[in-house]
2 protein chains.
Amino acid sequence: MNQGMLQKAIPYYEQVQQTLKERIFNGIYEPGDRLYEVQIAREFAISRSPVREAIRALINEGLLIMDDKSQIYVYEPSLKDVYEIYECRVALESTAVTLVAQKASEDQILQLEKTLSDSASAIKKGEKEEMACLNAKFHELIIDFSDNMRLKKLVNELKSLTNYYRFLNLEGEDRPNVIYKGHFDIFQAIIERNPEKASQKLKEHTHDDLENLVNLLNHKRER
Amino acid sequence: MNQGMLQKAIPYYEQVQQTLKERIFNGIYEPGDRLYEVQIAREFAISRSPVREAIRALINEGLLIMDDKSQIYVYEPSLKDVYEIYECRVALESTAVTLVAQKASEDQILQLEKTLSDSASAIKKGEKEEMACLNAKFHELIIDFSDNMRLKKLVNELKSLTNYYRFLNLEGEDRPNVIYKGHFDIFQAIIERNPEKASQKLKEHTHDDLENLVNLLNHKRER
DNA sequence: AATATGCAGACTGTCGACAGGCGACATGAA
DNA sequence: TTCATGTCGCCTGTCGACAGTCTGCATATT
């Protein structure tokens, strides 16, 4: 018998939260856009209560912000915010990679290796979509292997705050190879069981990402 | 004319959130206690809506948890949780102290020094309350001086999750002096402008705190 | 023309009500 | 006694309504 048959009905507020989040990620709502409880409620043909709840949850996650007049906007990180977010991510992810370098199992290392080699072949074939996916997977595996649920949650929340800019990651000077090199160095340090080096390499790699992002953002702003 | 005169009324849901948080911190609600929307609403003589909103906010902060039947309980960290939380805190705080060692101003260093010396005299006089306060202040100053609002917010949220155990921090073998020594070493590294060392000392210091806490918790559990 | 006043509409904060789900208890059957 | 079924009450999810606040525009005033 299918286990999933007796599934509890998902409450509206969760569905709405999910949907709004997707819309923010997909750019249907853009940074700075204002959101209205009533309008969303009408759109989903439900009352304001669950919508309100979903919005509040997203405010707590930082994806929406409320000004002093209780008006809701899609979060648009300032440059300072972007730096702060990356600083926090580096802090957490470098800790994760330190742990992984100390205690990763053989199987886990194989998974990292496979992701890397898949990444390499994706670069050869020029499959952008695949590359982005595998790069994200590499980071995710490291977080997973650190075996710290809370760290994972924090990193994911931080990532989601700059998620709107994720497609910029592969744009820029020779990015695919630079990223691959960065990941490769991290992997190298892990199999050497050298936590310090792994942490250091991750910091450098993330710094590259940040620098690239900031350059592109500035470039865009100038035009 | 007093600037504060035209203050916007604080909405109920914020007041309730604040009050509930205080109750959790003060142990009026203990870990594992169940909370009811209706009951709290009756107590404050308001409707369920703002109460519900406050509860959801505290769930997002992690101070309350909801089981699969939508029942609300005060969060009680497992031992694994405590380790995870501390791991995240170390990651963030060591990053902060690294930054502080790099760029702290003279004035900021003086503030740290004063907190330390106040701490020393509080130990001499045996003022426990004062000691706890100054120890917290030392950590807070470091976070503040790192000039990263987001990092500060994350650390505060993590702290609040084990806040219930804060009074255990000074209990145990010669804790006041051990803590003072830890803070002193960190301070020393900062004035030496040695980020690596500062980070290392903070990690050791926090590790002491954690070990002490776990010991006391195990000890309690045995009885 | 520039400023003040007032009105209308749009939103948010809060309320009370209803319904659907779940557990506790009771009653009855084996 | 043990287990199945039905009922009751509690609690959460959702709804529609109302009140207060703020914005923008139009009208009035000097």
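Predicted model: local features only at pLDDT ≥ 70, side-chain atom pairs only at ≥ 80, totals over all residues.
Residues are numbered from 1 along each chain as its sequence is written, chains are lettered from A and ligands numbered from 1 in the order in which they are written, and side-chain values use heavy atoms, with hydrogens and water left out.

**Figure 1. The two domains of chain A and what links them.** Domain 1 covers 9–74 and domain 2 covers 79–222 in the domain assignment of chain A (the bounds come from an automatic or database assignment). Nine residues from domain 1 and five residues from domain 2 take part in the contact, meaning heavy atoms within 4.5 Å. The centres of the two domains, taken over C-alpha atoms, are 29 Å apart. How many salt bridges cross this interface? The rule finds zero, where a salt bridge is a side-chain nitrogen of Lys or Arg within 4 Å of a carboxyl oxygen of Asp or Glu.

Figure 2. The side chains of A:E84 and A:K80 pair up in a salt bridge, at 3.4 Å from N to O. Both sit in helix α4 (residues 79–103), four residues apart, or about one turn of the helix. Helices (H or I, at least four residues) are DSSP runs, numbered from the N terminus. Buried or exposed? A:E84 is buried, at 5% relative accessible area, while A:K80 is partly exposed at 41%. The cut-offs are under 20% for buried and over 50% for exposed, with partly exposed in between (1.4 Å probe, protein chains only).

Figure 3. A:K153 and A:E157 form a salt bridge, and their closest N and O atoms are 4.0 Å apart. They are four residues apart in helix α7 (residues 149–161), so about one helical turn separates them. A:K153 is partly exposed at 45%, and A:E157 is partly exposed at 26%.

**Figure 4. Over to chain B, helix α5.** B:D118 and B:K114 form a salt bridge with their closest N and O atoms 2.8 Å apart. The two are four residues apart in helix α5 (residues 106–125), about one helical turn. B:D118 is partly exposed, at 26% relative accessibility. B:Q108 lies in helix α5 of chain B too, and B:Q108 is buried, at 19%. The side chain of B:Q108 reaches the backbone nitrogen of B:S105 at 3.0 Å.

**Figure 5. A salt-bridge network with members from chains A and B.** A:E37, A:R48, A:R52, A:R56 and B:E53 are linked in a network of salt bridges. Over all chains, the whole structure holds 32 salt bridges.

Definitions and conventions. Polar contact = N/O pair within 3.5 Å; in protein donor to acceptor, adjacent residues only side chain to side chain.
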